[in-house]
Amino acid sequence: MPTNENQFKVFAGNSNLPLAKKIVEYMGTRLGDCEVSTFADGEVNVKINETVRGFDAYIIQSIAPPVNNNIMELLIMIDALRRASAASISVIIPYFGYARQDRKARGRDPITAKLVANLITTAGATRVVTIDLHAEQIQGFFDIPVDNLWSFPIFSRYFLEEMKLTQNDTVVVSPDVGGVKRARKFAQKLGCSLAILDKRRPKDNVAEVINVIGEVEGSNCIIFDDIIDTGGSLVAAGDTLHNKGAKKIIAAATHGIFSLNAVEKLQNSSIDKIIVTDTIYHKELPDKFVELKSSELLGEAIVRIRKNLSISILFR
């Protein structure tokens, strides 16, 4: 009697097909046959064109701009696979949108990250894999397993092997107090010192740097963060470090959203290089920008999940 036990299939929405293809190439498989399109009125239409009954299904989909459309694609794909009797449905979300709305900062604010977690779980997902959640506590919003991968191995390999930065003249800079834990892990990986920018946000997408905690004069400064959105706070951070005597300023962030005119703003800033991963698809970026591959990290995580092997070993 035929059985599909331990067999799997990988599908992808439209948010980042190039990344999805790189992931399955690393895993030595192919993308499953599915069509994700829209009707004339904008409704999402999903067709799974091959059997998934009894298979472990994986969906690769970033919740990136256009955010709401990509969420609906993801939810409908989960529903389609669940109704087609997939044995399990793991969603690979390289960039988890709405993660910045993780708490009530003011009265009557929504906690949208929790709402998105509820939607994904209710749709039928059995596991979530993502990279660098904006707030690690979002893992607790889910009642299913969540693997929050860290991106610092991708960046540390680049800085040590490609840029060949040395420990003595390099400082990792946290762009705010909230990002200190992330920046400290990266600094430890590089074996260099840590500095912190003390800033305040008078309103959304606006930041003012008040003070620099740590010594940056004459150093190569790596501003390490999880997200670059409009680029305003990053440009302000770069200007502050430049005025404090930093020798070279490099910005490194996992997710390059680059809303509005962020690319132009960063291109004309005092920052020497901007490095992101390919969790969010960009057709083309200027020469000042470098895009690193996240496919090996995600592909290896999926392989290890399938074999019931430890993922934490990837970050030692």
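**Exercise 1. Determine which residues Asn148 contacts beyond its neighbours within four places in sequence, and what its side chain reaches.**

Solution. 
1. The model is a predicted one. In it, Asn148 belongs to strand β7, which covers residues 146-149.
2. With neighbours within four places in sequence set aside, Asn148 is in contact with Thr130, Ile131, Asp132, Leu133, Glu136 and Gln139.
3. Two of these residues are also approached through their backbone nitrogens. A polar atom of the Asn148 side chain lies 3.2 Å from the backbone nitrogen of Asp132, and the Asn148 side chain reaches the backbone nitrogen of Leu133 at 3.0 Å.
4. Asn148 has a relative accessibility of 13%, so this residue counts as buried.

**Exercise 2. State how many salt bridges the structure holds, and examine the pair formed by Arg306 and Asp56.**

Solution. 
1. The number of salt bridges is 17.
2. As background, side chains of opposite charge can pair when their charged atoms come close.
3. For Arg306 and Asp56, the closest N and O atoms are 3.1 Å apart.
4. This pair joins distant parts of the chain: Arg306 lies in helix α8 (residues 295-306) and Asp56 in strand β4 (residues 56-60), 250 residues apart.
5. The cut-off for buried is under 20% relative accessible area. Asp56, at 19%, therefore counts as buried, whereas Arg306, at 22%, is partly exposed.

**Exercise 3. Explain why Asp79 and Arg82 are separated by about one helical turn, and treat Arg304 and Glu300 likewise.**

Solution. 
1. Asp79 and Arg82 both lie in helix α2 (residues 67-83); because they are 3 residues apart there, about one helical turn separates them.
2. Their side chains meet in a salt bridge with an N to O distance of 2.8 Å.
3. Asp79 is partly exposed at 23% relative accessible area, and Arg82 is partly exposed at 39%.
4. Arg304 and Glu300 are 4 residues apart in helix α8, so they too are separated by about one helical turn.
5. The salt bridge between Arg304 and Glu300 has its closest N and O atoms 3.1 Å apart. Both Arg304 and Glu300 are buried.
6. Salt bridges can also form a network, as they do in linking Lys9, Arg30 and Glu50.

**Exercise 4. Locate the largest nonpolar core relative to domain 1 and domain 2.**

Solution. 
1. The largest nonpolar core has 40 residues, of which Leu149, Phe155, Phe159, Val172, Phe186, Ile275 and Leu298 touch the most other members.
2. Domain 1 (6-148) and domain 2 (150-291) both contribute residues, so this core lies between them.
3. Leaving out residues up to four places away in sequence, Phe159 touches Lys164, Leu165, Phe186, Leu190, Ile222, Ile250, Ala252 and Ile275.
4. A second, separate core holds 35 residues, including Ile89, Ile93, Val128 and Phe141.

**Exercise 5. Decide whether the two faces of strand β5 are covered or uncovered, and identify the bridge partner of Ile60.**

Solution. 
1. In a regular strand, side chains alternate between the two faces of the sheet.
2. Accordingly, 6 of the 6 residues in β5 (residues 88-93) are buried.
3. Strand β5 pairs with β4 in the parallel sense over 5 bridges. Ile92 in β5 is the bridge partner of Ile60.

Notes
Residues numbered from 1 in each chain as written. Predicted model: local features only at pLDDT ≥ 70, side-chain atom pairs only at ≥ 80, totals over all residues. Heavy atoms only, no water. Salt bridge = Lys/Arg side-chain N within 4 Å of Asp/Glu carboxyl O. Buried < 20%, exposed > 50% of the residue type's maximum accessible area, 1.4 Å probe, protein only. Polar contact = N/O pair within 3.5 Å; in protein donor to acceptor, adjacent residues only side chain to side chain. Contact = heavy atoms within 4.5 Å. Core = buried A, V, L, I, M, F, W, Y, C linked by side-chain atoms within 4.5 Å. Domains from an automatic or database assignment. Pairing = 2+ DSSP bridges.
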